[in-house]
Amino acid sequence: MDIKSMKNYLYWLYCQFELITCSYLMEPWEKLLFYSFNIALLVTVLYTAYIFLPGHISSALQFFWQLFGSQHENTVSVLK
């Protein structure tokens, strides 16, 4: 894929975004506020997923390991 077709494709995606959100009807200052809010929301969601998702996945994996009977390595065994 060459640079020109990639540029055209990104421009096409931007036009689709403007059509879907109806932001092509907004004035420039309204677009700035709208895009700033959307970017801030996206950054907040990504940051929250980065911070909390690994802990939730770890908890879920531990639950399923216990559910299917897998024993942890740190269990104490009785020696005779």
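Phe68 is exposed, its relative accessible area being 67%. The model in which this residue is seen is predicted.

Phe68 forms a stacked aromatic pair with Phe64, with 6.4 Å from centre to centre and 20° between the planes.

**Overall make-up.** The chain holds two helices and zero strands. Of its 80 residues, 5% count as buried.

**Helix H2.** H2 has 40 residues, which at 1.5 Å a residue should span 58 Å; the end C-alpha atoms are 56 Å apart, in agreement with that value. A bend of about 40° occurs in H2 at Phe52, and Pro54 follows within four residues. After H2 comes Gly69, which has a positive phi near 85°.

The unreviewed UniProt entry lists residues 32-53 as "transmembrane region". In the model this span is 100% helix and 0% strand, and its end C-alpha atoms lie 31 Å apart.

**The loop and the cysteines.** Helix H1 (3-21) and helix H2 (28-67) are separated by a loop that contains Cys22. Cys22 is not a glycine, yet its phi is positive, at about 60°. A disulfide is a covalent bond between the sulfur atoms of two cysteines. With sulfur atoms required to lie within 2.5 Å of each other, the count of disulfides is zero.

| Residue | Relative accessible area | Class |
|---|---|---|
| Cys15 | 24% | partly exposed |
| Cys22 | 40% | partly exposed |
| Phe17 | 35% | partly exposed |
| Phe68 | 67% | exposed |

**Aromatic pairs.** How many aromatic pairs does a search of the whole structure find? The search finds five. One of them joins Phe17 and Tyr35: the ring centres are 5.9 Å apart and the planes stand at 35°, so the pair is tilted. Because Phe17 lies in helix H1 and Tyr35 in helix H2, this pair ties together parts that are 18 residues apart in sequence. Phe17 and Tyr35 also belong, with Phe34, to one aromatic cluster.

Definitions and conventions
Residues are numbered from 1 along each chain as its sequence is written. This is a predicted model: local features need pLDDT of at least 70, side-chain atom pairs count only at pLDDT 80 or more; totals for chains, interfaces and linings use all residues. Side-chain values use heavy atoms; hydrogens and water are left out. Buried means under 20% relative accessible area, exposed over 50%, partly exposed in between (1.4 Å probe, protein chains only). UniProt positions are given in the numbering used here, feature names are shortened, and annotations may be inferred rather than shown by experiment. The expected span of a helix is 1.5 Å times one less than its number of residues. The bend at a residue is the angle between axes fitted to the seven residues ending there and the seven starting there. Rings of Phe, Tyr and Trp (its six-membered ring) pair if their centres lie within 6.5 Å; planes under 30 degrees apart count as stacked, over 60 as edge-to-face and the rest as tilted.
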